[in-house]
Amino acid sequence: MIQVEGLTKLYGEFAAVTDLSFAVQPGEVLGLVGPNGAGKTTTLRCLSGIIPPTRGVIRICGSALAEDPISAKRQLAFFSDEPRLFDYLTLDQHLAFTARIYQVANYRDIARPLLEELEISDKINLLPGELSRGMKQKLAIACGLLHSPKVIFFDEPLTGLDPIGIRRMKNSILKRAREGAAIIISSHLLHLLEEVCSHVLIVKGGRKVIDGRLEDVRHKFAEESVDANLEEVFFRATGEPESKP
Amino acid sequence: MRALLYLQYQAFINRQASRLKRLKKPKYLIGGIAGGLYFYFYFFRFVFGAGGHRRATFDFSPEHLQLVQALAASALLVIVLLAWLIPHGRAALMFTEAEVNFLFPAPISRRNLIHFKLLKSQIAILFTTLFLTLITRRFGAAGSGWTRAFGWWVILSTLNLHFLGSSFARTMLLERGISNWKRRILVLALLAAFVSVVVVWSRHAGDSLSLPNIEDFPALKEYFRRLTSTGPAPYLLYPFRLVVRPFFAHGATQFLLLLGPALALMLLHYLWVIRANVAFEEASVDLSRRIAERMTAARSGNLQPRPTKAKAPPFRLSPTGSPAVALLWKNLIAAGQMFSLRIWVLLLCSLLPMMFVLASSFGSLHFSYALGFGAMMVLIWSLIIGPQLLRQDFRHDLPIVDVLKTFPMRGWQVVFGELLAPTAILTFLQWFLIAVAMVFLTRLPDVGGLAFESRFSVALGIAVVIPMLNLVLLIIPNAAVLLFPGWFQTGREGPHGIEATGQRLIFMLGQVLIFVVALIPAGAGAFVVFLPFIYWKQYLFGVPVASIAFAAVLAIEAAIAIFALGRIFERFDLSAEA
């Protein structure tokens, strides 16, 4: 579903991502983990076609992003940490606009249950400026899911959400995965990733440190017989000093 | 207070240092040089005697000086009156959020905060003073540049203190239960009383002070001069005259003599402000929050105020069809309510008949001619200024280009879609103007009467060309955005000052050059098509047909440019610009 081979992104002399390769299959949720400046956001931005990679091949549902960007982009949705909305479009107008961009003929039928699931069906005539941050996040999600993407990227999806919002977001991610979507989540909230991810990819300095099934990675970094939790895995894998209270 | 001075000084120094550092980048350096040259040749060489060559300056005779001073004092009176009439909020001093967070909880007295605010406003006042001095000297005001600059400073500083004082006074009135409307009625009543006194006095003054015919300009001037120099009006205008007099001083000695009373008035204002015991903190916190929100919006590319009311879409957007139309639809909503199809139809159906009625009721050709000629002038003006004003395209969407890049659209589709809204708005406006000109421009000087067929033929020709002209004109700045996105950063981080002016000048010249180059093949094509019609003397048919050829060549050029820009958009790497 998502295939990345030798992804490299250079900013002038600086290599933000170097020779990164991995794959995510349908139904899998990959946690993208790394310290600040590890290249997580750059990776996600390359995968969603926002910035062109310097080298490497990205395939989304079999379509190479560089050669056939339209087919690839039709299958994906990218959610940034800050909801990116148009100030002057109402919630309903956002949906109409997104439907036209993605050619979703029956978007009203899809939008109705989606808005109810996200509990924003009564806000359709409001502008983003009239919505709370959580509501804006929900609107961005509704727009992103309107075309039923098979590949979903989340960049810090829980920023600014309250505990209820966090719970709902987790459930929503798991639901999409059960429905067969391939999902990548970049987050510093390791306990969240531990709850929702089936796989993990740890990057540092733009390079892959380790990837694989979460259980396997935890087992690999376990000291003695007990599996390590993701936080311990992170510190051990990245070689960061672990200061304990 | 020393800490506040340090903050102000260091902020100024750091800001200038970062601007100087920015000049290492060629785009700012070139802009800075171009801007510097522009300011030197357009303004500076006329100020402070620089450049040796002085423009002819105008000087006022004593009567004229009296009149101009009275006019300036009256203008100041109006500004001050507005400061008492319009505002409705409580006194709020403008601080940044950082200043609020650092200074408000700190052990700093309210008086010191006001001093800090006054000091901060002096920087803006000094820049405005410099700018206004440049403007007034540029347009030939006589006298020393220094006295003019000091004159402006006195006016602006006194006004600034008055605005602050009046905001404190308004707050005090509110705290004492005098609502905004009561205050306004009181101010208007005082004004009405004074106007009545002046009117009554002028009636009693006899024929020597009767209102002359409005077309008799010299008599009108003399009437105003006498009205403001005799009777009760000079007493009302006296404090305002004190403020403006130093600006009009002849020579340093007179300036110093006139400066004394003006500074005394400024000192009184200062004491008024500093002694006012009004709580401004809460309103200031709210104001700083609103400003911070506006700045955040500007940084994300939204320079327009955040919309507070949902706008009806210009048309129903079906979920299937060309995705470029979705961008047109979105950008028309962004442009505001004025640009919906319904409004345009209403405009056409109401304004045109109204103009007919007006033209026929005046019964004079002059009115029709003025209307038609005015429409033509606005049409030409809209071609020049329109693409700069209507920016519902890449210039508006540059900060969300990452969102656009995720859309499953070809690059050319995005470019085309982004160009559609301003093109459509401008075209509809210009078609309306063409219709007005065609209907009312029934004769031209040195040409005589214009037959309806001729007018229709030319109007049709222009109407055919207009959309493509707009498209080409809008492609140029949008191409600049995609080719040099760093030059189009918005908000506080964007370029300011001389280098920004220089950048704009370079772009403007580039746009004119490219536009002229684009017109050459179109003009040549139209000429070739028009030749047979000249031979057959069928000009009425020739003009629209040649216009179609002209528009077709422009359309081909536009298509090539859109496809090329599409390729650039597909490879566009905003991260490289960061």
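On the α3(B) side, the contact is built from B:Q69, B:A70, B:A72, B:A73, B:S74, B:L76 and B:L77. The α9(B) side contributes B:L237, B:F240, B:R241, B:V243 and B:V244. Sorted by class, this contact holds 9 nonpolar, 2 polar and 1 charged residues.

The residues in contact are B:L81, B:W84 and B:L85 from α3(B), together with B:R184, B:V187 and B:L191 from α7(B). By class, the contact between α3(B) and α7(B) comprises 5 nonpolar residues, no polar ones and 1 charged residue.

Another helix of chain B, α8 (residues 217-229), can be described by its length. Its 13 residues reach 18 Å from the first C-alpha to the last, close to the 18 Å expected at 1.5 Å a residue. After α8(B) comes B:G231, with a positive phi near 75 degrees.

Turning to chain A, one open sheet has 6 strands in the order β6-β7-β8-β3-β9-β10, and its pairing is mixed. At the edges stand β6 (76-79) and β10 of chain A; each has a single partner strand, so one side of each is left without a neighbour in the sheet. From one strand to the next, the twist averages 15 degrees.

Both senses of pairing can be followed through strand β9 of chain A. With strand β3 of chain A (residues 29-33), β9(A) pairs in the parallel sense over 4 bridges, and A:L32 has A:L201 of β9(A) as its bridge partner. With strand β10 of chain A (residues 207-213), strand β9 (residues 199-204) runs antiparallel, and 6 bridges join the two. One of the pairs across these strands sets A:H199 against A:R213 in β10(A). The two strands form a hairpin with 2 residues between them, and A:G205 in the turn has a positive phi of about 60 degrees. Helix α9 of chain A (residues 230-238) lies across β3, β9 and β10 of chain A and runs at about 35 degrees to β9(A).

A further open sheet in chain A has 4 strands in the order β2-β1-β4-β5, with antiparallel pairing. Its edge strands are β2 (14-24) and β5 (63-64) of chain A, each of which pairs on one side only. Strand β4 of chain A (residues 55-60) and β5(A) pair in the antiparallel sense over 2 bridges, and A:R59 stands opposite A:A64 in β5(A). Helix α1 of chain A (residues 40-47) packs on this sheet, where it touches β1 (2-11), β2 and β4 of chain A. The direction of α1(A) makes about 120 degrees with that of β1(A).

The two chains come together through 32 residues of chain B and 30 residues of chain A. On the side of chain B that touches chain A, α12 (323-335), α16 (401-406) and α21 (574-577) of chain B each supply at least two residues. The largest share of that side, 7 residues, comes from α12(B). By class, the side of chain B that touches chain A has 18 nonpolar, 6 polar and 8 charged residues.

As for confidence, the model scores ipTM 0.90 and pTM 0.74. Chain A averages a pLDDT of 89, and 96% of the residues score at least 70. Among the elements of chain A, the highest mean pLDDT (96) belongs to helix α3 (residues 91-102), and the lowest (80) to α9(A). Chain B averages a pLDDT of 82, with 85% of the residues scoring at least 70. Where pLDDT is low, the predicted coordinates should not be read in detail.

Technical notes
Residues numbered from 1 in each chain as written. Chains lettered and ligands numbered in written order. Predicted model: local features only at pLDDT ≥ 70, side-chain atom pairs only at ≥ 80, totals over all residues. Contact = placed C-beta atoms within 7 Å. Nonpolar A, V, L, I, M, F, W, Y, C, P; charged D, E, K, R; others polar. pLDDT = per-residue confidence, 0-100. Expected span 1.5 Å × (residues − 1). Pairing = 2+ DSSP bridges. Axes fitted to C-alpha atoms, helices over the stretch in contact; angles between N-to-C directions.
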